[in-house]
Amino acid sequence: MSRISWVMIGVFAGMGFCVFALEISTGDGLVLRLDEGTGEITGVNIDGRDLPFFSGVFGGLQFYEPTPITSHSTIFHEDFSGTEITWNSAIMDNWEASAVYYTWIDTGGVGGSKYLRLGDGSHTGCGIAFPQAINVSHGSILTISWFGRSADTENKYIFCLRLFNVDGEDITEDSPAPSSWIYSAASQAHCVYGMTNVAATSWEEFSYDYLVPDDASSMTISLRYWRDGDFYVDIDELTIEETGGLDFGNVINVSGPVSQVAPNTYEQIVELSTEQLKFSTTYSSFSNHIQADVLIEDTSSPLRNRPLRIYYTVPINATGWQWGDDIYQNRTIEAGETYEYTFSMLSRKVSIYPWSAAYDDDSGVSVAVPMDVPRIQKFVYTDEKGLQTLFDVCLSTETVHVAAGKATVSFLLYHFAPEWGFRSATKKYYDIFPEFFVKRTERDGCWEYPISPDLIPNPEDFGFAYYECWPKTEEVRDYCYQLGIEIYYYMEPWGIWQNYGDITEKPSYEERVGTLEEWAADTSSTRTWLRAPRYYTAQAVLNSGYKDSEGRYYIDAFEYFWHQWGGLANQFWPCYPDTDFSAVTMSSLHKTYLVENYFDEYDGIYVDSITVNHGMGNIEDFNHGHFQYARTPLTFSLTDAQPVLASQLAQYDFLDWLASYLHSRNKKVMGNIFSYAYRYYAHLLDILGSEISDVSESDKIAALRRTLCYQKVNTNLLQWFRGEDFVDHEEVEQYIKGQLFWGFFPGIASCGGGTGWGESLERYFLHPELYERDRQLFRTYIPIIRQLSEAGWEPLTFATSDDSNVLIERFGGWNYHCVLFTLKNNGEIAVTADITIEAEGLGIEDNELNTIQCVELLTSLRIPLSVDEENRKIHGEISIPASDVRVLKLYPPTVSVSNKKWMLFH
């Protein structure tokens, strides 16, 4: 329901007229007030309460148009030839080590002068750290260079830096690491690593760019080496040069009349002649939210590339409220602080969830974005502006599917009950967009890879439901179908591995590109590559390859791209997965030679390596030939403001096509999707999860998986990288219990053998002595996990514990007369926790309160319950060992056997 009314806000003295506000309202008590003449937000009302606003802050649409800064200066230089300066020794996270990890050498450096030797002959990962902070300008580009020499070309250089804000606080971990850099917990720094000398004993120059994050004011630096042995490296001429970065100029308000154009629809069209931009904003009012869709158009002639940072500000003064990071963490909003919950992507901070949550005791408000309108975007709260969402887009002259010179962004505003904080905001998001969380699986279970189920006795004990594989024989497929195990054929559309065989030295860039060009030209060859003719695949790689700002393929951007797989050298070619299938591209290769060619053989497609913050999933593509195929707006490089195609949005376009194609044909999509990628792609996949290398994940990451896939199946795959230290029985049980708490299914691929990706791993299901040892664990836990999964996770638990170490999650609802709670004791000692359950929230009737039964499923113990009838609360005490889990099941004493859901739970 929507209404429009005219509300007198005030009378300007001596001006003789009134300022009117236009009201846009929802059917559930949210009112957004806009100034009719300017479109500025003048108020937000929730259930009759006017939320506090900052005075003098423009609420509404704003933007910056950044331009490059050309200033250049040397901010650090040490040639090691003059007076010896004081350096700290550094190893791991200790940048002031008492041991000495460097030596001065008097002659033989670059130009014959002094130089510094790193290492002490017995430690690795060590080196030097400059003890003083170096001032930097946020948004600038640092070019860090040095000369290095090593007697062993296996030695790797590591450059580390730590960031500090204007108050001297270390902000490294929370700041976005630029492309090619990572945050390393080992050194507690942003690091670039993997650089090696091409030739032994020769001085070679190394140079890397670093984009200084917005909040940084100074930094400290460290240079080290890494090698599994007793080695040294030499360094000389360490220089850091700073170039301007981007000037975002002054923020410009998008101010202009807004009016109602149809029932529940309002429009603001603003043409800014000076800036040569046009903004068309449509507000749509729904029963439970207000959505704004903004079209930005370049009106200059001729059109030109226009990098833009778009803001929408709701100037709520939320000081003293709570800021919800996720379902477990919230923070009290304090004056002078900034609140956001982000990860690093394309050198930016991007929000981990597509919705935000700010709330006090009376009201909760969320600014959110639709998951099917993906953009480079984040939410932030400051006491200067209030609650904001911001987007980085670039209007391009070369886009086709996105009309040239245009871009769109979308966002929404809704309110939620504050009692459960972020969990309430989550539930409301599900209600607004149920189409993003449709569960298509009929049988829930574990991910199996790589061993064929027919090679494992009684594989049904292990809960297999989804077999990731290459095309299989009819016999294997029939065996799987008889057991209800679905088959998912493998795909990695983000690029391709090229096998170079048993070589130790990487060919030059020109040699590697030349080989592909030769293969593409050899159309008479009968060789195949990835199921297609080799010439076709080679041409597809050349056409689809991402390129950097210098026009070079990204094949050397990350150490991982030249990798040993099974003892053989392989080059990875990261590629743009466009969805114009008429050309010879990686996408057309996968569509023609896999998706369509084997269509009748699989239940769905398995997509590998779905990432957004590292490797192939975190690339700025400067290849202008790709811009025409983009179906989402381009963004811009933070180094020079040039338009780039974000690999994350390119991946979205392909996964969106694949999901639509398969779903329309009753097939499904399974993905090896790493944690932060859920933010962009969870709604496009049907079976989610990723390879993990430890028996437990942090609650932060597990909560992210659970929250963004809602009731869809999540099944992880353990890859145990511990060399000869095989995974033991207790570790397998720890892994399974950790997955059980979240209703995840515990797949296992490897049990040891190697210490990293690509090494000769030992496969768990090729070791009968291991899986027979653990078979009873799966027989015990998988049926319980299946109950949880079939009941369905719910964000609102309506249950609390008197012990803060005990976490609780809920599965199912009383509408099925059965509710399950998982409980996890994160403490180091056993506890007996008092669990309080809110009957009203679960929908339990008064006449049922004293009849409810409770059993703990892992021990089969009956749990006595007590009832607080006045407050309609149920209490029960449960003992939980340290670092352990329990599962409570609540149900009435009698339930009709015709209740299918109830029968499933039994």
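Reader: In what order do the nine strands of the open sheet run?
Author: First, a word on the source: this is a predicted model, where local features need pLDDT of at least 70, side-chain atom pairs count only at pLDDT 80 or more, and totals for chains, interfaces and linings use all residues. Residues are numbered from 1 along each chain as its sequence is written, and side-chain values use heavy atoms, leaving out hydrogens and water. Strands here are DSSP runs (E, at least two residues), helices too (H or I, at least four), numbered from the N terminus. Pairing is antiparallel, and the order is β22-β23-β24-β25-β36-β33-β32-β27-β28.

Reader: Which are the edge strands?
Author: Two strands pair if DSSP finds at least two bridges between them. Each edge strand pairs on one side only, and these are β22 (258-262) and β28 (330-332).

Reader: How many bridges join β22 to β23?
Author: Strand β23 covers residues 265-272 and runs antiparallel to β22. Within β23, T265 is the bridge partner of A262. As for the bridges joining β22 to β23, there are four.

Reader: How are α3 and α4 oriented to each other?
Author: Helix α3 (residues 509-521) and helix α4 (residues 534-544) pack with axes 7 Å apart, at an angle of about 135°. Axes are lines fitted to C-alpha atoms, for helices over the stretch in contact, and angles run from 0 to 180 degrees between N-to-C directions. Under 35 degrees counts as roughly parallel, over 145 as roughly antiparallel, 65 to 115 as roughly perpendicular and the rest as oblique. So α3 is, relative to α4, oblique.
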